[in-house]
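Look over the sequence and the fold before reading on.

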Amino acid sequence: MTQITLRTAASPEDFAAVRALCLAYREDLRAHHPAAPALVALFYPDPAYTELLDALPGKHDAVLLAERQGAPVGCAMSQRLPDGSTEIKRVYVAPEARGLGLAAQLVEELATRARAAGAPLLRLDTMKTLAAACHLYAKLGFVERGPYQPIPDVALPHLRFFERTP
């Protein structure tokens, strides 16, 4: 049986593992679809993305690290939005750990924390072409909505926005 551990990233080693996972996430996104490189350049530009990752936890309320038999295989983050809702960010599971329900566990743990903090809503966005992510969010009770924050017009045709109560 595969042992999965999910916990708050806290140590410099944890944040290094999360940084590595987030950089892998960015590379996976780049290779995902012909429109993806332009979106990645828009939303995950260097050096700003590197600076964000180097400052973890930074503006994030929660940074989760998932390990499989002690090896980092997934991460997710959340941050409070000005309206009090919680935005889920950078949910990523490495290819070798996909299919184990880890992404759902990460999202539900962030939901539990948002509920405990009194957030009225969970919000997130993803690329329309990330079918597995869109399916997961619908399965977890998220409903599609319009953008919840300003998004460049060039990106809007490529994104889906979701929300649910924590």
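Are Tyr25 and Tyr44 buried or exposed? Both are buried (under 20% relative accessible area; exposed means over 50% and partly exposed lies in between, with a 1.4 Å probe and protein chains only).

The model is predicted: local features need pLDDT of at least 70, side-chain atom pairs count only at pLDDT 80 or more, and totals for chains, interfaces and linings use all residues. Residues are numbered from 1 along each chain as its sequence is written, and side-chain values use heavy atoms, without hydrogens and water.

**Aromatic pairs**

Rings of Phe, Tyr and Trp (its six-membered ring) pair if their centres lie within 6.5 Å; planes under 30 degrees apart are stacked, over 60 edge-to-face, and the rest tilted. By this rule there are 6 aromatic pairs. The table shows two of them.

| Pair | Centre distance | Plane angle | Type |
|---|---|---|---|
| Tyr25 and Tyr44 | 5.9 Å | 85° | edge-to-face |
| Tyr148 and Phe161 | 6.0 Å | 90° | edge-to-face |

Tyr25 sits in helix 1 (residues 12–32), and Tyr44 in the loop between helix 2 (36–43) and helix 3, so their pair ties together parts that are 19 residues apart in sequence. Helices (H or I, at least four residues) and strands (E, at least two) are DSSP runs, numbered from the N terminus. Tyr148 lies in the loop between strand 6 (143–145) and strand 7, and Phe161 in strand 7, so this pair ties together parts that are 13 residues apart in sequence. Tyr148 and Phe161 are buried. Ring pairs also link Tyr25, Tyr44, Tyr49 and Tyr92 into a cluster.

**Helix 5**

Helix 5 spans residues 131–139, and its Ala133, Cys134, Leu136 and Tyr137 are buried. Seen down the helix axis, the buried residues fall within an arc of 160°, so they line one face of helix 5. The arc is taken from the directions from the helix axis to the C-beta atoms. On the other side, Ala131, Ala132, His135 and Lys139 are exposed. The buried residues of helix 5 pack against strand 4 (86–93), helix 4 (102–116), strand 5 (122–127) and strand 7 (159–164). Gly141 follows helix 5, with a positive phi near 95°.

**His60**

His60 lies in the loop between helix 3 (48–54) and strand 2 (62–68). His60 counts as buried because its relative accessibility is 6%. Not counting residues up to four places away in sequence, His60 touches Leu52, Met77, Ser78, Gln79 and Arg90. Contact means heavy atoms within 4.5 Å. The side chains of His60 and Arg90 make a polar contact at 2.6 Å. A polar contact is a pair of N or O atoms within 3.5 Å; within protein, one must be able to donate a hydrogen and the other to accept it, and residues adjacent in sequence count only if both atoms are side-chain atoms.
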